[in-house]
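Please look at the chain from one end to the other before reading on, and then follow the paragraphs below with the picture beside you.

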Amino acid sequence: MEPDLAALTKRMERLEERTFGSKPRVHQEPVLHRLSEFSTDVGNSLAGHDRITPIIKRLDELEMYLDPMFAETSSQTDRVKQSVVLSQADQIQQDYNTLEQIKDLGSEVNGGKMGDIEEASRKMEELKKIQFEERAQSDALNRQTLELVEKYNKIITDLTSAFLQADATVAAAEEKTKKPVYY
């Protein structure tokens, strides 16, 4: 009897350790006391309800039916399984096509095209430098062009005012040399 009691005590200690963890328990009740209270409460709850007792007796059977694998392992005929597969044939074909496409794309990722990324990155860096230099050159050229356009506009403005003054001078001289016409 003593080895059975020691084994039972050891099992209870393992249960308490799993329930509460391996940290020392200061103010917690032993699991055995809580389990016995729970068992008493369940027994008292079921005592006056005769319709629940058969259900409790069949809990194992209910768990078997609720198991997701029950439908897979139940005694379905090959014909039923075949009809299930045939009803999902379009989805299966679509999934197969998608997997083939993923397989083809996987070879692209693992192949040489993705291996050239380092070389392409280096070339992109060189192209960025060239673009930056050309942008700086084009900005300088734009500034020079604007300066030349401003100079051109100033020259045209000066020429226009000079021509207007010359025209006014010529018109005044012509007016002085004109003889009056008498009718």
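Which pattern does the protein chain follow when it is read along the sequence? The pattern is α-α-α-α-α-α-α-α-α, and the protein chain accordingly has 9 helices and 0 strands, where helices (H or I, at least four residues) and strands (E, at least two) are DSSP runs, numbered from the N terminus. This is a predicted model, in which local features need pLDDT of at least 70 and side-chain atom pairs count only at pLDDT 80 or more, while totals for chains, interfaces and linings use all residues. Residues are numbered from 1 along each chain as its sequence is written, and side-chain values use heavy atoms, leaving out hydrogens and water.

Helix H1, which covers residues 2–20, has 19 residues and reaches 27 Å from its first C-alpha to its last, close to the expected 27 Å (1.5 Å times one less than its number of residues). After H1 comes Gly21, whose phi is positive, near 95°.

Of the 183 residues of the protein chain, 2% count as buried (under 20% relative accessible area, with exposed over 50% and partly exposed in between, for a 1.4 Å probe and protein chains only). Ile55, which is found in helix H3, is partly exposed, because its relative accessible area is 46%.
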